[in-house]
Amino acid sequence: MRVFFNCFLILVAAACNEPVKKNKSAKEVFDKIEGITGNDNWQLIDGKDTFYIYFSRIGNLINVYRYIISKGDSVNTRMNNIVHQSDSVIWNWDNEKLLLTGVDSNTINWVAMNAGKDKYKLFKTDSFHMSFVFPNGRTAGMKKTLPLSVFLVRQQYDYTHGTSYTDSATILSRHSKKKAK
């Protein structure tokens, strides 16, 4: 019994000496970001302006493409990224560098690395909607759209034929035609 008790005390002491992990690994942080943004295409409506943001994760890098649609095609495309630098996660957003200050299952908080320390927030309201909160308090709505390739093909088709398949969330699949009997 005494041997069992001594072994138990040694195990407890060893467990108490284990270092406590305070910081999440880069993979864990990027997993949380991807849990909110996904590898998805989002429509962002900010007042009268509409543009699209496509998030594409590759390891500990998320490429962020921002573009608008004109005449059925993507134009004014800007590629930005979210990267791991030193012990920080930085979003290179146009000419601004945003530092990740927190992420949980629904919210990503960023602070600009400028003198004003402007704050930005992405907030997931459900699996198809997010809000983008700007430093001045203005909020833009974001809606998940079709996968990027399907979205762009449908945009071009809609422009050419005057239809509106892009607005349909249904992904049409090819089925072989049934032969008449």
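Student: Let me start with a side chain: is R66 buried or exposed?
Tutor: This is a predicted model, to begin with. R66 counts as buried, because its relative accessibility is 18% and the cut-off for buried is under 20%.

Student: Which side chain does R66 meet in a salt bridge?
Tutor: That of D94, at 2.6 Å from N to O. The two sit in distant parts of the chain, 28 residues apart: R66 is in strand 3, and D94 is in the loop between strand 5 and strand 6.

Student: And is D94 buried or partly exposed?
Tutor: Partly exposed, at 27% relative accessible area. D94 also forms a salt bridge with R78, where the closest N and O atoms are 3.3 Å apart. R78 lies in strand 4, 16 residues from D94, and is partly exposed at 43%.

Student: How many salt bridges are there by this rule?
Tutor: Seven. One of them joins the side chains of D46 and R138 at 2.9 Å, N to O. That pair spans 92 residues, with D46 in strand 1 and R138 in the loop between strand 9 and strand 10. D46 is buried at 16%, while R138 is partly exposed at 35%. There is also a salt-bridge network linking K27, D31, E34 and R57.

Student: Switching topic: what do the strands close into?
Tutor: A barrel of ten strands, in the order 1-2-3-4-5-6-7-8-9-10, with antiparallel pairing. From one strand to the next, the twist averages 25°. For a local look, take strand 7 (residues 107–112) and strand 8 (residues 119–126), which pair over five bridges. There, W110 of strand 7 stands opposite Y120 in strand 8.

Student: Where do the helices come in?
Tutor: Helix 2 lies across strands 1 to 9, running at about 95° to strand 6. Helix 3 (residues 148–161) lies across strands 1 to 4 and runs at about 10° to strand 3.

Student: Which residues touch the most other members of the largest nonpolar core?
Tutor: I33, I82, W91, W110, F132 and M142, out of 29 residues in that core. Helix 2 (residues 26–37) gives the largest share, five residues. A second, separate core has five residues, among them Y52, Y54, Y67 and L146.

Student: What is I82 in contact with, leaving aside its neighbours within four places in sequence?
Tutor: Its contacts include F30, I33, L61, I62, V64, W91 and W110, and N60 is in contact with I82 as well.

Notes:
Residues numbered from 1 in each chain as written. Predicted model: local features only at pLDDT ≥ 70, side-chain atom pairs only at ≥ 80, totals over all residues. Heavy atoms only, no water. Core = buried A, V, L, I, M, F, W, Y, C linked by side-chain atoms within 4.5 Å. Buried < 20%, exposed > 50% of the residue type's maximum accessible area, 1.4 Å probe, protein only. Helix = DSSP H or I, 4+ residues; strand = E, 2+ residues; numbered from the N terminus. Contact = heavy atoms within 4.5 Å. Pairing = 2+ DSSP bridges. Axes fitted to C-alpha atoms, helices over the stretch in contact; angles between N-to-C directions. Salt bridge = Lys/Arg side-chain N within 4 Å of Asp/Glu carboxyl O.
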